[in-house]
Amino acid sequence: MKNVLILTFMFISACCFGQIPTDWQVDGLKGKVKKNTTSWLLSDTAIVIEETSYNKQGFKTEIRHYDDYSFSEQQKGIKPKCTALDKFSVLDTTSKREVITYDCFSKKVLNKEVKRVEYWESDKIYVISEEYLDSKEIRFTKLYFEGYRLMKSTSYVSSSQDDSSDNSDNRPTPTAYFYNEVGDLVKTHTYFDMVDSTGDRITTIAVVNKDEKGNVVEYKERVEGTELGSNVSCKYEYYE
């Protein structure tokens, strides 16, 4: 009976803030995107690729990661190899969904020692929770403006183990997001040390081009005060 009451409460809480937004809305996509392939050219030699697939209702079904790829291979027409595959379960009545990561080749579960769950805590707060067998939890929260533009994200590592030492990993690491007048993301600011802001990371983003539906197809990222940065391209496939 107690479990029934808890599930009922969770269901009511999930419904209080209205309809669950689609991933199209949260990802800021326009039109019925079937697949979004994003490539980060980190240098003249390194390329990171993510391929995100959505169902016809606008929710993520999987993300394929291609991390072992080079610019020279791209020039030779060699196709990248998938290194990991995130599979998303269907949202349940409490708005939760589990994400299981597989090896693309062996199909073995790569995150079998961790349970990763994502859910809406309210109409503006999205939570990604990774619970490990060693009792450690990594909690990543995203706070949104109206219209689901990301305002702030925070990561936090917690552990039930008795450890009185000062562990900097247990400090929240927030990132703030800034936009221009047309709603394009132009800057992120990560606060690594909340006491004196030492080591903050500020990244500027410049949109270069958009497609006919208004989705960004090319932008540049640069980390202030460093030579770090990347040229990013996005390729979309749409449902007819």
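## Aromatic pairs

Let's start with the rings: the structure holds six aromatic pairs. To count as a pair, rings of Phe, Tyr and Trp (its six-membered ring) need centres within 6.5 Å. Planes under 30 degrees apart are called stacked, those over 60 edge-to-face, and the rest tilted. This is a predicted model, where local features need pLDDT of at least 70 and side-chain atom pairs count only at pLDDT 80 or more, while totals for chains, interfaces and linings use all residues. Residues are numbered from 1 along each chain as its sequence is written, and side-chain values use heavy atoms, with hydrogens and water left out.

## Trp 120 and Tyr 144

How are the rings of Trp 120 and Tyr 144 arranged? Their centres are 5.6 Å apart and their planes sit at 50°, so this pair is tilted. Trp 120 belongs to strand 6 (residues 114–120) and Tyr 144 to strand 8 (residues 136–144), so the pair ties together parts that are 24 residues apart in sequence. Strands here are DSSP runs (E, at least two residues), and helices are too (H or I, at least four), numbered from the N terminus.

Trp 120 is buried, at 6% relative accessible area, and Tyr 144 is buried as well, at 4%. Buried means under 20% relative accessible area, exposed means over 50%, and partly exposed is in between (1.4 Å probe, protein chains only).

## Phe 145 and Tyr 179

The rings of Phe 145 and Tyr 179 have centres 6.3 Å apart and planes at 80°, so they meet edge-to-face. Phe 145 lies in the loop between strand 8 and strand 9 (150–159), with Tyr 179 in strand 10 (residues 173–179), so this pair links parts 34 residues apart in sequence. Phe 145 is partly exposed at 31% relative accessibility, and Tyr 179 is partly exposed at 23%.

## The disulfide

There is one disulfide, a pair of cysteine sulfur atoms within 2.5 Å. Cys 82 is joined to Cys 104, with 1.9 Å from S to S. Cys 82 is in the loop between helix 3 (71–75) and strand 4 (84–88), and Cys 104 is in the loop between strand 5 (97–102) and strand 6, so the pair ties together parts 22 residues apart in sequence. Cys 82 is buried at 9% relative accessibility, and Cys 104 is buried at 11%.
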